[in-house]
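Please have the sequence and the model open while reading.

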Amino acid sequence: MASFADLPPDIDLSKVAIQQPPPGVEQNFVNPESTASAAIAVTVLFTVIMFVFVCMRMYTKLFVSRARGWDD
């Protein structure tokens, strides 16, 4: 097993695999798969759900129970 001392000094460590991938999987350091679009979609979804619940709470506190407080 090689160590960091065995690597040439001018090598880019972001391009070196830690270990061999499982059989049938190819390494892709040039254009790796990104999950950014899924993370943005989940963030937007939960922000919209949160906004709906906050609006429902404010409507209930202001118009149904007519009891505003410091917690609102």
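This is a predicted model: local features need pLDDT of at least 70, side-chain atom pairs count only at pLDDT 80 or more; totals for chains, interfaces and linings use all residues.

Residues are numbered from 1 along each chain as its sequence is written, and side-chain values use heavy atoms, with hydrogens and water left out.

A search of the whole structure gives one aromatic pair. Its rings belong to Tyr59 and Phe63, with centres 5.4 Å apart and planes at 40°, so the pair is tilted. Rings of Phe, Tyr and Trp (its six-membered ring) pair if their centres lie within 6.5 Å; planes under 30 degrees apart are stacked, over 60 edge-to-face, and the rest tilted. Both residues sit in helix H1 (residues 36-64), four residues apart, which is about one turn of the helix. A helix here is a DSSP run (H or I, at least four residues), numbered from the N terminus.

Exposure is given as relative accessible area: buried is under 20%, exposed over 50%, and partly exposed in between (1.4 Å probe, protein chains only).

| Residue | Relative accessible area | Class |
|---|---|---|
| Tyr59 | 49% | partly exposed |
| Leu13 | 48% | partly exposed |
| Val42 | 44% | partly exposed |

Leu13 is in the segment before H1. Apart from neighbours within four places in sequence, Leu13 is in contact (heavy atoms within 4.5 Å) with Phe4 and Leu7.

Val42 lies in helix H1.

Conventions. Helices (H or I, at least four residues) and strands (E, at least two) are DSSP runs, numbered from the N terminus.
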